[in-house]
Amino acid sequence: MPASSESSAVSKKLRVYVPATVPMLRELVADREIRALNDTAFAVTPALREAYASGDDEELAEVAMAEAARASLRLLAQEQEAADLRGSDESDSAPAGPIFRRAVIAADVDGATLRPDLDDAVVRLSAAIPYDRIASIHVDLAEAESEVSKAVGVIDAADMGDTDAEFVLGDAEDHQLAWYAAQELPFLLDLL
């Protein structure tokens, strides 16, 4: 395996972007920490820098965050699938489905492992992220919900190269995620 494909640990603090959903944000507030699904997050990695001929750290961070936002769509698709399965059980009083807002948690962590074999910006986290390591939270505004809902339904097709699905996905990704300080998260969640 080429050296650039091997996993390697990052010894210094690294800003990572963790894909999330609104229920995951609620768990973060309740538990005061979050564990990324499969310990997977996104960051500005050496492989990501190599993949772009130009771009400063801020632009590359936007790329990593966009990858995390796309992964958030996949998490929303899983929530939708679970809601659809629950829908057949009439005794269930759980909400009908997900809140169609992408969410990304930006945090500073130690001990991430580079995973260029998965994708240029992918890192594997070694532990849960405590609340005090969270730099910011990024969440779609209400006006994005319609496009995000449609994108959730076609995310797999878009990944497989379906041009119509990619167009729908692009409509959702045209919405910028709103920035919130970590201490604002409980108040944001009260409004959802």
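Good morning. I begin with Ala107: setting aside neighbours within four places in sequence, this residue is in contact with Leu14, Arg15, Val16, Ile129, Arg133, Ile134 and Ala135. Please bear in mind that the model is predicted.

Where does Ala107 lie? Its place is in strand 5, which covers residues 103-109. Is Ala107 buried or exposed? Its relative accessibility is 0%, so Ala107 counts as buried. One further relation concerns Ala182, which is 75 residues from Ala107 along the chain. The C-alpha atoms of Ala107 and Ala182 are separated by 9.8 Å.

I turn now to helix 3, residues 57-87. At 1.5 Å a residue, the 31 residues of this helix should span 45 Å. The C-alpha atoms at its ends are 44 Å apart, which agrees with that expectation. At the start of helix 3, a side-chain oxygen of Asp56 comes to within 3.2 Å of the backbone nitrogen of Glu58.

Finally, I consider backbone angles in two loops. Most residues other than glycine have a negative phi. Arg32, although not a glycine, has a positive phi of about 65°. Arg32 is found in the loop between helix 1 (22-31) and strand 3 (33-34). With a relative accessible area of 45%, Arg32 is partly exposed.

Asn38 is likewise not a glycine, and its phi is positive, at about 55°. This residue lies in the loop between strand 3 and strand 4, the latter being residues 40-43. Is Asn38 buried or exposed? Asn38 counts as exposed because its relative accessibility is 60%, and the cut-off for that class is over 50%.

Thank you for your attention.

Note on methods: Residues are numbered from 1 along each chain as its sequence is written. This is a predicted model: local features need pLDDT of at least 70, side-chain atom pairs count only at pLDDT 80 or more; totals for chains, interfaces and linings use all residues. Side-chain values use heavy atoms; hydrogens and water are left out. Helices (H or I, at least four residues) and strands (E, at least two) are DSSP runs, numbered from the N terminus. The expected span of a helix is 1.5 Å times one less than its number of residues. A polar contact is a pair of N or O atoms within 3.5 Å; within protein, one must be able to donate a hydrogen and the other to accept it, and residues adjacent in sequence count only if both atoms are side-chain atoms. Buried means under 20% relative accessible area, exposed over 50%, partly exposed in between (1.4 Å probe, protein chains only). Contact means heavy atoms within 4.5 Å.
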